[in-house]
Amino acid sequence: MADAKLVASNVCKIYNAGKKNAFKAIDNVNVEVCENEFVCMVGPSGCGKSTLLRMFAGLDFPTSGEITIDGEKIIGPGANRGMVFQTYTLFPWMTVEDNIKFGPKLKKMTKQEQQEITDKYLTAIGLEKFRNSRPKELSGGMKQRVAIARALANNPEVLLMDEPFGALDLFTKSQMQLMMRELWQRERTTIVFITHDIEEAVFLGTKVYVMSASPGQIREVIDIDLPYSRDLDLKDTPEFIKIRRHIHSLLH
Amino acid sequence: MQTKIMIRRKMKQARYMMVSVVTFAILLLVWSMASHFEMVDPLFLPEPINVLKKLWETVCDGSLWTDMGVSIYRISMGFLLATVLGVPIGILCSCFKSVSAVFSPLCQFIRYMPVPAFVPLLMVWMGIGEFSKIMIVFIGTFFQLVLMIIDDCNSVSDDLLAAGYTLGANNRTTVFRVLIPAMAPSMMQTLRMMIGWAWTYLVVAELVAANTGLGYSILKAQRFLKTDAIFVGIVVIGLLGLITDIVLGFLIKKIFPWEESVSNG
């Protein structure tokens, strides 16, 4: 595919290679993420999906195979690939606003540009009132919203999300999914989103990679043919349930 | 209804203070009784009031201030030197395995060597001047400090550093803008603890090789069997330690209001 932005080709990851306790985490995985796509990768724990995402980020490297962005091999982390983690990673000594400004500041944008971007994303996540709060004053859901804003404010070419809503309660989680889908529809940032929640993957994605565990492999790639504008009621429609059931059957 | 007792329950600040004060009071009372009714030979255990009198004497004749001044100078210099060298080395060790390979095993090894054993050696090498005392404090604290700073750095989560990297920070910025601010509160707690140990090593140095300082004043008192003066020395060192600790604890709370777990312990 010519327009594939982020490509993993024949990627294998073996931990402790050559030793007795060698462990194949990822086996011959191929992934293609095109521009403006919202790709979700779903699979049970231990299927290597987080490892794969960390390799996209340049925080980890394949044992064999290659990962490229715009045809260039990934050799380390960079501002063109933003990341949101499952754990809370806001900088606790900074206010919400300064957290969001972290990336723009590193890029040496002018004070005014920094402020404009920060204000834009504070509004997008609905936390204008909390601009001067410290992370410890925020709930889990709010922290993750700020983390998303912080990553987006850096204007990454690809946004990598590692089970960002995994630690949230069900209600907060669906609110976050709704916000995430809206954010993507507005910004059309290319996103790779890891989750073990099938419903979440189907609701958010334009394409879902279904992975199976030990070793981690791609079972199937599903194009999600659901309405572009989505609300939570979508989860109760027959079309949605059909896809969800299909993925479920693949994993069990 | 009476609820069950469980560990880690909260306690009212006032009540906590009261219990602490009462503990000190009981200790003082036992001491007073034991000495006043001469249950212990007064030569061994002077009355608290006599210790106070002695303390007042040293305040008036100025000897307390000179001894304190000298001791504080030595401990500050030794501790400052250990901090200025130990903190960057500890941080570098946690960042780069190659640096760690140089310093960690070395520090692990030397920290098991008894500091007093270095005193004779240092006297041979540098005489009984100020520098040898400063070096004792340095040797006593530096090696521990490096290891504890490494620990402080390692307790910063990988994801926090990864967050910095994926926001476009290079190694330098990740260290200065993420790692160091993140470990700063626990580093300050480490320094707070180390300064307590520094007092111990200072007194060791002054007991063996000095003619000034609080440690020396204790040694001098022992020669003339002036137990009250020995008590003065010990109590003054204890108080100085306590004051340093309280001031540092207060500063840590003020400087790092964002810390999730600033304890009152």
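The stops that follow begin with one chain, move to the interface, and end in the other chain.

This is a predicted model, in which local features need pLDDT of at least 70, side-chain atom pairs count only at pLDDT 80 or more, and totals for chains, interfaces and linings use all residues. Residues are numbered from 1 along each chain as its sequence is written, chains are lettered from A and ligands numbered from 1 in the order in which they are written, and side-chain values use heavy atoms, with hydrogens and water left out.

**Stop 1: chain B**

Select chain B, which has ten helices and zero strands. Helices (H or I, at least four residues) and strands (E, at least two) are DSSP runs, numbered from the N terminus. The C-alpha atoms of chain B fill a box of roughly 70 × 70 × 30 Å, taken along the principal axes.

**Stop 2: the interface**

Now show chain B and chain A together. The contact (heavy atoms within 4.5 Å) involves 25 residues of chain A and 19 residues of chain B. Between the two chains an area of about 1,900 Å² is buried, and carbon and sulfur atoms give 71% of it. Buried area is the accessible area (1.4 Å probe) that two parts lose on being put together, summed over both. Select T166(B), L167(B) and W258(B): these residues supply 39% of the area that chain B buries against chain A, more than any other three residues.

Next, select helix 7 (158-166) and helix 8 (171-208) of chain B, the elements that give two or more residues to the side of chain B that touches chain A. Helix 7 of chain B gives the most, with seven residues.

How many salt bridges does the rule find across the interface of chain B and chain A? The rule, which asks for a side-chain nitrogen of Lys or Arg within 4 Å of a carboxyl oxygen of Asp or Glu, finds zero there.

**Stop 3: the sheet of chain A**

Turn to chain A, where six strands form an open sheet of mixed pairing in the order 6-7-8-3-9-10. Two strands pair if DSSP finds at least two bridges between them. Strand 6 (81-84) and strand 10 (217-223) of chain A stand at the edges with a single partner strand each, so one side of each is left without a neighbour in the sheet.

Within this chain, select strand 3 (residues 38-42) and strand 8 (residues 190-195) of chain A, which run parallel and are joined by five bridges. V39(A) stands opposite V192(A) in strand 8 of chain A.

Strand 9 and strand 10 of chain A pair in the antiparallel sense over six bridges. M211(A) stands opposite I218(A) in strand 10 of chain A. Their hairpin has four residues between the strands, and S214(A) takes a positive phi near 30° there. A cis peptide bond, with omega about -10°, joins S214(A) and P215(A). P215(A) is placed in the loop between strand 9 (207-212) and strand 10 of chain A.

**Stop 4: two loops of chain A**

Select N36(A), which has a positive phi of about 70° although it is not a glycine. N36(A) is in the loop between strand 2 (23-34) and strand 3 of chain A.

Finally, select D60(A) and K13(A), which form a salt bridge with the closest N and O atoms 3.1 Å apart. D60(A) lies in the loop between helix 1 (49-57) and strand 4 (64-69) of chain A and K13(A) in strand 1 (residues 4-15) of chain A, so the pair ties together parts that are 47 residues apart in sequence.
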